Amino acid sequence: MIIVLKPEASPETAQELLAQIEAKGLKPLHMPGSERVVLGALGDERVLAELALEGHPMVESLKPILAPYKLVSREMQAHDTIVRLGRVAVGGRGFTVIAGPCAVETESQMRNTARAAKAAGAHGIRAGAYKPRTSPYAFQGHGVEGLKLLRATGDEFDMPVVTEVMETADVEIVAEYADALQIGARNMQNFSLLKAVGRSKKPVVLKRGMAAKVEDLLLAAEYLLAEGNDQVILCERGIRTFETATRNTLDLNAIPFIKQKTHLPVLVDPSHGTGVRDFVIPMALAAAACGADGILVEMHENPAVAWSDGAQSLYPEGFERLMASLAPIATAVGRQIQ
């Protein structure tokens with residue numbers, strides 16, 4: 001429920017009402033504005049009704065939040081959330097590009113790839129130190145040593161780093177080295193992990209599950225916000241359909257829907273969304289055109305020898321072409337490459 005107070009309501013009145021809401025076992029929210037104060041109450045509406053707030057002399061109106069996701073909804077917060085990864089802002093009018101290899105392999109591979117990404121205009125580096133792989137015999141990542149390499153690379157090139165966390169037990173160590181924790185598609189509904197990452201208060205990139213509806217993604221984000229973490233970036237990375245021409249079907253319908261329903265920024269991952277190098281650039285441009293706040297894209301110094309996902313990774317020269325092509329698209333939709 002959203003509770004709008006009258007303009008003359010005092011701070012003491014707001015605090016009194018928040019205390020009453022909390023005393024009922026509901027979650028109170030305080031959202032002071034420039035003209036008036038708005039309060040929120042999350043929980044059983046039948047319990048909230050017992051407070052009879054509609055009769056309070058300082059309450060102007062009550063509005064139920066109809067969406068199943070409350071904190072994520074624009075009903076709760078009309079203005080866009082901007083998530084900061086160090087000096088890089090995700091959301092607002094800028095268009096953010098986070099690029100890098102699928103996995104941390106070697107020191108030279110990370111340095112060369114980061115150097116190329118930075119030179120072409122990327123804002124952040126992505127790479128996996130822990131890799132969830134379909135086959136148990138595929139490369140699973142370097143773990144902590146990979147985190148150290150990734151952090152050293154980010155520091156050297158002054159770029160924030162994004163990497164995946166797979167286990168609740170690893171949240172603390174990954175948060176120590178990363179600027180943002182990525183929750184991968186396979187873990188989107190790992191609710192224990194969502195809660196642990198939410199409690200970390202670290203920026204999060206939450207990827208849509210391979211068979212998840214958009215509502216499922218938004219409800220997964222709700223877990224993060226319910227734990228007190230509002231630094232959440234959503235990511236559309238393609239879903240499994242009957243189509244086999246590409247690795248996944250990149251659902252760009254989801255972008256305007258998400259932007260309409262939620263205040264959180266959203267990235268698009270055209271690499272996993274297609275699985276085909278030749279399709280990454282056109283789908284990245286389409287992502288910019290349909291309203292995404294940025295892209296999360298795989299590029300490697302030499303994809304032909306990549307330890308994982310080489311077929312969908314851009315070569316440095318391909319990434320340069322992508323960055324050059326993005327600028328006019330971003331300008332056409334009222335954004336700019338930061």
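Strands β10 and β11 (residues 204-207) run parallel and are joined by three bridges. In this pairing, Ile183 has Leu206 of β11 as its bridge partner. To get from β10 to β11 the chain goes through helix α6 (residues 191-200), and the β-α-β crossover is right-handed. Keep in mind that this is a predicted model.

On the other pairing of β10, we meet strand β9 (residues 161-164), which is parallel to β10 and connected to it by three bridges. Here Thr163 sits opposite Leu181 of β10. Helix α5 (residues 171-177) carries the chain from β9 over to β10, again in a right-handed β-α-β crossover.

| Strand pair | Bridges | Residue pair | Helix in the crossover |
|---|---|---|---|
| β9 and β10 | three | Thr163 and Leu181 | α5 (residues 171-177) |
| β10 and β11 | three | Ile183 and Leu206 | α6 (residues 191-200) |

So which way do the side chains of β10 go? In a regular strand they alternate between the two faces of the sheet. In β10 (residues 180-183), Ala180 and Gln182 point one way while Leu181 and Ile183 point the other, and all of them are buried.

Now for the antiparallel part of the model. Four strands make an open sheet in the order β2-β3-β1-β4, and their pairing is antiparallel. β2 (27-32) and β4 (59-63) are the edge strands, each with pairing on one side only. From one strand to the next, the twist averages 20 degrees. Six bridges hold the antiparallel pair of β2 and β3 (residues 37-42), with Leu29 opposite Gly40 of β3. Helix α1 (residues 11-23) packs on this sheet and touches β1 (2-5), β2, β3 and β4. The direction of α1 makes about 160 degrees with that of β2.

One residue in a loop is worth a visit as well: His300, between β14 (294-298) and α11 (316-332). Is His300 buried or exposed? It counts as buried, because its relative accessibility is 2%, under the 20% cut-off. The His300 side chain makes a polar contact of 3.2 Å with the side chain of Glu105. A polar atom of that His300 side chain also lies 2.8 Å from the backbone nitrogen of Asn302. Leaving out residues up to four places away in sequence, His300 touches Pro101, Glu105, Gln109, Thr113, Ala306, Ser313, Leu314, Tyr315 and Pro316.

Definitions and conventions
Residues are numbered from 1 along each chain as its sequence is written. This is a predicted model: local features need pLDDT of at least 70, side-chain atom pairs count only at pLDDT 80 or more; totals for chains, interfaces and linings use all residues. Side-chain values use heavy atoms; hydrogens and water are left out. Buried means under 20% relative accessible area, exposed over 50%, partly exposed in between (1.4 Å probe, protein chains only). Helices (H or I, at least four residues) and strands (E, at least two) are DSSP runs, numbered from the N terminus. Two strands pair if DSSP finds at least two bridges between them. A crossover is right-handed if, with the strands pointing away from the viewer, the path from the first strand over the helix to the second runs clockwise. Axes are lines fitted to C-alpha atoms, for helices over the stretch in contact, and angles run from 0 to 180 degrees between N-to-C directions. Contact means heavy atoms within 4.5 Å. A polar contact is a pair of N or O atoms within 3.5 Å; within protein, one must be able to donate a hydrogen and the other to accept it, and residues adjacent in sequence count only if both atoms are side-chain atoms.
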